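Subject: Structure handover

Hello,

The structure is below, followed by notes on what was found in it. Please read them with the model open.

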Amino acid sequence: ISIATARAGNVIGGGDWSENRLIPDIIRAMREKKSLMIRNPESKRPWQHVLEPLFGYLMLGIGLYKNPKKFNSSWNFGPLNEDSLSVKNIIEVSKKFNMINKVIYKKGEFFEAKVLKLNIDKAKKELNFKQVWNTEKTIDSTFEWYINYYKNDFKANDLIQNDLNNYLNVKKVKNRFRI
């Protein structure tokens, strides 16, 4: 039996309507024409598009199949640490899409780490895992997804397929599976 655990940090992408998550909260504030409530604007996170860890998980599955003993361990999938952005940076990007009316900074009730990082060195070395979309592309793609969804230009499935096609057409993806 070959078993591994995998972890991904701060995954974003179109179609997430969860509570207390930055991008869905921005979208809700825009749609409802309400102020955006933010707890810790300076907190830095390793934002990544949902397709990044999904492809990492596929790469790990291939590795487990081909060499169970080598890949039977724990793995982190995320962007490079230098590609992390603060909550405030994400809010600034959202402004170019006219997403936010007003931001209210409210002290959170729970402790939150100022900086989150994932050590992805093992995934990079052993699985050839590389972030395909940088954080800027990830955020732009995510906001564009919601804009198109609410304009009723596309159905959610069409938007997901569009993201997948755009992701797969990046040259880096085609060279990833060298396990």
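In these notes Ala, Val, Leu, Ile, Met, Phe, Trp, Tyr, Cys and Pro count as nonpolar, Asp, Glu, Lys and Arg as charged, and the others, Gly among them, as polar. The model is predicted: local features need pLDDT of at least 70 and side-chain atom pairs pLDDT 80 or more, while totals for chains, interfaces and linings use all residues. Residues are numbered from 1 along each chain as its sequence is written, and side-chain values use heavy atoms, without hydrogens and water.

The lining of the largest pocket has 13 nonpolar, six polar and twelve charged residues. A pocket is an open set of points on a 1 Å grid over the protein atoms alone, where a 1.4 Å probe fits, with protein on both sides within 12 Å along at least five of seven lines; lining residues have an atom within 4 Å of a point. Six of the lining residues come from α1 (22–31), which gives the most. Helices are DSSP runs of H or I with at least four residues, strands runs of E with at least two, numbered from the N terminus.

Now to α4 (residues 87–95), where Val87, Ile90, Ile91 and Ser94 are buried (under 20% relative accessible area; exposed is over 50%, partly exposed in between, with a 1.4 Å probe and protein chains only). These four lie on the same side of α4, because they cover an arc of only 100° around the axis, taken from the directions from the helix axis to the C-beta atoms.

Gly9 sits in the loop between β1 (5–8) and β2 (11–12), and counts as buried because its relative accessibility is 10%.

Regards
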